[in-house]
Amino acid sequence: MVDYEKLYHIMVDGAENAIAAINAQNYGMARKALIRAEREAEELYICTAGEEASETTAEIPQ
């Protein structure tokens, strides 16, 4: 099951880190924070969505 609350927290944390880096005029670090959050959230989504698909497929009568 996809944990959207976890995905939300990953992305918000990444955005907060990026804002802090922008405020410090460290634009490279801001970019890295956003990319890291995106990849982490995407990986979590792909893994959990794949599990959901497997569960759904298993429930389909043959």
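What percentage of the 62 residues in the protein chain is buried? In this predicted model, in which local features need pLDDT of at least 70, side-chain atom pairs count only at pLDDT 80 or more and totals for chains, interfaces and linings use all residues, buried residues account for 18% of the 62. Residues are numbered from 1 along each chain as its sequence is written, and side-chain values use heavy atoms, with hydrogens and water left out. The term buried denotes under 20% relative accessible area, exposed over 50%, and partly exposed the range in between (1.4 Å probe, protein chains only).

The protein chain contains two helices and zero strands, assigned as DSSP runs numbered from the N terminus (helices, H or I, at least four residues; strands, E, at least two).

Helix H2 spans residues 27-59 and includes lysine 32. Lysine 32 is classed as exposed because its relative accessibility is 52%. Together with Arg31, Arg36 and Arg39, Lys32 forms a positive surface patch. Patches comprise residues with over 30% relative accessible area and no salt bridge, like charges being joined within 9 Å and nonpolar side chains (Val, Leu, Ile, Met, Phe, Trp, Tyr) within 5 Å. A salt bridge is a side-chain nitrogen of Lys or Arg within 4 Å of a carboxyl oxygen of Asp or Glu.

A nonpolar surface patch consists of Tyr4, Tyr45 and Ile46, with about 340 Å² of accessible area together; isoleucine 46 is located in helix H2.

Threonine 48 also belongs to helix H2 and counts as buried because its relative accessibility is 12%. Its side chain reaches the backbone oxygen of leucine 44 at 2.8 Å.

Terms used:
Accessible areas come from the Shrake-Rupley method with a 1.4 Å probe; for residues, only the protein chains shown count as cover. Lys and Arg count as positive and Asp and Glu as negative; His and the chain ends are not counted. The place of a charge is taken as NZ of Lys, CZ of Arg, CG of Asp or CD of Glu. A polar contact is a pair of N or O atoms within 3.5 Å; within protein, one must be able to donate a hydrogen and the other to accept it, and residues adjacent in sequence count only if both atoms are side-chain atoms.
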